[in-house]
Each structure stands twice: as structure tokens, then as C-alpha cells.
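Look at the model first, then read on.

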Amino acid sequence: MAPPNSERKSRFMKWLGKLFKSGSNRGGARGGVVGRAHPQLLGEENVVWSAPARSVDDRSRTGKERGDAIALTMAEDWKQPSGCSRETNDQDLARSLQDTPNSPSFPSYGTTQYCPRNLSLCSGCQRDIGNGNYLGCMGKYFHPECFCCRSCRYPITETEFSLSGKDPYHKSCFKELTHPKCEVCHQFIPTNAAGLIEYRCHPFWSQKYCPSHEHDNTARCCSCERLESRDVRYYSLEDGRSLCLECMESAIMDTGDCQPLYHDIRDYYEGMHMKLDQQIPMLLVQRQALNEAIFGEKNGYHHMPETRGLCLSEEQTVTSIQKRPRIGGHRLVGMRTEPQKLTRKCEVTAILVLYGLPRLLTGAILAHELMHGWLRLKGYRNLDPEVEEGICQALSYMWLESELPGSKGMPSTSTSTSAASSSSSSSSSKKGGKSQVEKRLGEFFMYQIAHDATPAYGEGFRSANAAVSKYGLRSTLSHISLTGNFPL
């Protein structure tokens with residue numbers, strides 16, 4: 001006689017409870033790995049952690065047991081007589097499982113997500129992270145291959161990296177972006193003894209370079225003051241100076257080449273009602289010849305460390321450049337020079353200018369020295385260096401201003417002399433526009449005059465410029481003639 005339905009169900013439930021109990025014991029014998037769904041982060045977020053390892057045999061065995069239990073349950077359901085509730089059987093099964101000791105909280109099979117359920121998407125590719133390795137950083141989760149450097153776009157595999165805002169970077173990429181590099185040797189600028197990054201920076205060109213390059217014989221352009229970088233070669237002049245490629249474009253190399261510019265500046269003076277009645281000789285010379293001429297002068301105040309022009313008042317023999325040098329590699333060679341005896345026919349013997357400088361700088365020097373000549377020819381005697389050099393610098397600046405109309409960020413003297421400047425610079429305007437390189441050089445030469453730190457040339461120019469801007473050039477010159485000082 002078949003046992004009653006209630007007895008059969010009771011025996012089945014006891015057997016099923018033993019079955020799940022034995023399955024959980026087998027799973028727990030593996031050191032607690034089975035059933036762990038969330039890896040533990042040990043305080044540091046920026047580390048790649050591996051998902052918990054599982055035994056394939058254990059997973060398949062547990063799955064088989066679970067499948068058998070479900071199959072048996074379904075078989076018993078099919079054998080139930082009509083009218084028996086499936087809900088009652090499910091409740092009994094659930095109660096039996098709940099009463100079973102040491103049952104695992106999570107199954108050890110299936111496609112368990114190893115990130116928190118609400119953060120299971122990769123913040124890089126926006127796809128499901130799933131099983132396997134992942135990385136947590138800044139409250140977000142990533143596939144290891146999706147956590148990429150903001151600069152190079154390659155994955156960050158190191159345990160340390162840099163952050164800028166919310167953007168991650170390789171440490172090397174971040175250094176490449178933020179650590180200043182020397183524009184001479186193209187290396188990262190080293191730290192000093194205090195651990196600070198120390199470098200030099202040109203106030204006009206903003207060229208950053210290691211302090212060591214000021215003392216390691218790195219070439220410096222004699223015109224624009226920029227240092228020679230390792231990937232660019234400067235030209236070497238025969239007198240030891242160096243010239244960069246940009247300054248070389250408009251450099252004036254011999255006396256004949258300079259004559260048109262000299263006449264333009266004399267015309268500029270005439271347009272300012274300051275005509276020079278005497279024909280003053282003008283020569284381009286090398287540095288040594290200029291220094292010898294300075295030594296032979298009894299009077300005069302000279303710009304140090306290097307003078308680039310001179311208004312001679314004594315009779316001397318000067319070696320001038322008659323034929324421009326030719327380019328041989330990165331050197332200028334083959335220059336032809338000729339000694340020339342200068343006799344004094346008036347208060348001014350000659351004007352000497354250093355060769356190899358750009359046109360605008362050569363013109364600024366000529367304008368300065370011609371003002372010395374004009375003052376001597378007009379009887380201005382025994383002026384203080386600050387007054388004489390200051391007004392000469394003012395004329396030099398005004399000529400540059402006429403060549404570069406609309407220069408920004410520079411003090412202007414054009415308020416009282418705009419009409420004269422526009423008429424006198426008409427000859428230069430006929431030559432056509434200047435290149436951006438030449439304009440930038442001209443702005444630098446104006447900057448040099450305006451920011452000179454010496455008392456005679458710097459403070460003198462600023463006093464002269466203020467007086468000319470307020471009273472005009474003619475009134476300022478008249479006041480200097482009467483008092484020997486600038487009007488206040």
C-alpha cells in the first residue's frame with residue numbers, strides 16, 4: 001500500500017535539506033572563496049584588483065546538485081493529485097531551505113557582477129564590467145584597459161599616476177605637460193639645492209632656459225639677446241659676435257649697404273625741422289675698430305657693456321668695412337676692410353656704427369648718433385649725460401615709432417610730432433610693409449630703450465620722453481638750450 005502523500009513529502013524534504021547542507025559544507029571548505037560576490041578594497045582606490053577565483057569543478061558539481069534538486073521537485077509536483085496547491089509546496093521548500101544551517105548567502109555559479117550593483121558600468125566605455133579585473137578610482141569603476149591617460153590616451157597600468165582636476169595622467173605625461181623645459185637644451189629644467197625649479201626667462205621674448213647656460217659659452221645673439229638653442233645654429237661674425245637667423249635676414253654688412261638708410265634718417269631729421277647742414281661721414285666698423293675709436297675720444301659717455309655706435313669729434317684713422325662678408329657654413333668670412341683717415345672739418349668728425357646688425361637696430365643707432373651730431377653742431381655744450389643721452393634715445397625711439405606705426409604696449413612720443421613723423425617716414429613707407437619677424441624685432445628694440453636700467457640711457461630717456469610728450473620736441477630742446485635740463 002503506497003504511503004500517504006504527506007509522509008512522502010516529509011521524507012523528501014528531509015532528504016533535500018541534507019542534500020543542501022552537504023553542498024554548503026563542501027563549498028565552505030575552500031577558504032570562504034565560494035559565494036564571495038564583492039572583492040574587498042583595502043583602503044587605496046587606485047589599485048587593480050582581481051576577481052575572486054573559483055574552482056570550475058566545484059561550480060559544475062554544485063550546479064549539478066542544484067539541477068537534481070529542481071528536477072526532483074518538479075517530478076513530485078507532477079505526481080501530485082489535482083487540487084493540491086503549488087504555492088503550499090513552494091512555501092514548504094523555502095521554509096526547509098531557510099532552516100538549513102550554513103547555507104551560502106550567494107550562489108557560487110553564474111555570471112556574478114564583482115562591482116557594486118549600482119556601479120557595474122565602466123566609466124570609460126560605459127559597458128557592463130562583468131567578471132574579471134576592474135579598477136576603482138575617484139568613486140568610479142573602470143575596465144583596466146579603459147582607465148586611460150588624458151594626454152596620450154594609453155591605459156594607465158602603473159600603481160601611481162597624476163590627477164589634474166578629474167583627469168588622470170601618466171606621471172611622465174603630466175611632467176611633460178607641466179614641468180618647464182629649457183628652450184636651449186630642450187631638457188627638463190632641473191631643481192636647485194632647495195628642491196625648487198629655477199630658470200631664467202627673457203623679459204621680452206619669454207625664452208626660458210637653465211641658469212647654467214649663462215656661463216657655459218652658449219651663443220647669444222648680439223642683436224636680440226636670445227640664446228642659441230641646440231637645434232639651431234647661429235652665424236658667427238669675424239669679430240666674435242653671434243647673429244641669429246631672424247636678425248641675419250635684414251642685417252646690414254658694409255658701409256655701402258648702409259648709405260640708403262643713413263640718408264633716410266637724415267631726411268627724417270629734416271622733416272622734424274632739424275636739418276643737419278654738414279655732411280657727416282658714416283662708416284660701418286668691426287667691434288675692435290669701434291673700441292679703438294672710443295679709446296681715442298677725449299670726451300663722451302658710452303653705453304656699457306658694449307657700445308654699438310659712436311659720434312666722433314676727434315681726428316682718427318678708422319678701419320671701415322668696404323665689402324660685405326660671404327657666408328661659409330655658419331660663419332661670415334671674406335670681409336674686406338680699409339683704413340680711412342678722418343679729418344675734423346666741424347664739431348663732428350664721423351659717425352661709426354657696428355656692422356652686422358638688423359636694419360631697424362642700425363637705423364635706431366644712427367638716429368641716436370645723429371642727434372649727438374645735431375646737438376654739437378647747434379652749440380649745445382657740457383650737457384649732463386642723463387640729458388644728452390636721454391634726448392638722443394628719445395630721437396632713436398621716435399624714429400623706430402615712425403617705422404612701426406601702431407606698436408602696442410610701448411610709450412609714445414608721437415603726440416606732438418605726429419605730423420612731422422608721418423611726413424618724414426614717407427620714404428620708408430614706399431618700401432612696402434615689413435615682415436612680422438622684422439616688426440617684432442623693432443618692438444624689441446623699442447622695449448630695450450624704454451626699459452633700460454642705466455641712469456643716463458634709461459632714466460634719461462624716460463625723462464626726455466615725458467617732456468617731449470608734454471611740451472613737444474621743439475619746446476623741450478629750447479628749454480635744454482636755456483637751462484641744460486628737461487622741463488618739468
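Two strands pair if DSSP finds at least two bridges between them. Strands (E, at least two residues) and helices (H or I, at least four) are DSSP runs, numbered from the N terminus. This is a predicted model: local features need pLDDT of at least 70, side-chain atom pairs count only at pLDDT 80 or more, and totals for chains, interfaces and linings use all residues. Residues are numbered from 1 along each chain as its sequence is written, and side-chain values use heavy atoms, leaving out hydrogens and water.

**The sheet.** Three strands form an open, mixed sheet in the order E11-E17-E12. E11 and E12 are the edge strands, each pairing on one side only. E11 and E17 run parallel, joined by four bridges. Met-282 stands opposite Ile-351 in E17.

| Strand | Residues |
|---|---|
| E11 | 282-285 |
| E12 | 309-312 |
| E17 | 350-354 |

**The helices.** Angles run from 0 to 180 degrees between N-to-C directions, with axes fitted to C-alpha atoms, for helices over the stretch in contact (heavy atoms within 4.5 Å). Helix H6 (residues 255-271) lies across E11 and E17, at about 135 degrees to E11. Helix H7 (residues 287-296) touches E11, E12 and E17; its direction makes about 40 degrees with that of E12.

**H6 in detail.** Buried means under 20% relative accessible area (1.4 Å probe, protein chains only). Buried residues of H6 include Leu-261, Tyr-262, Ile-265 and Arg-266. Beyond H6 comes His-273, with a positive phi near 60 degrees.

How values were computed: Buried < 20%, exposed > 50% of the residue type's maximum accessible area, 1.4 Å probe, protein only.
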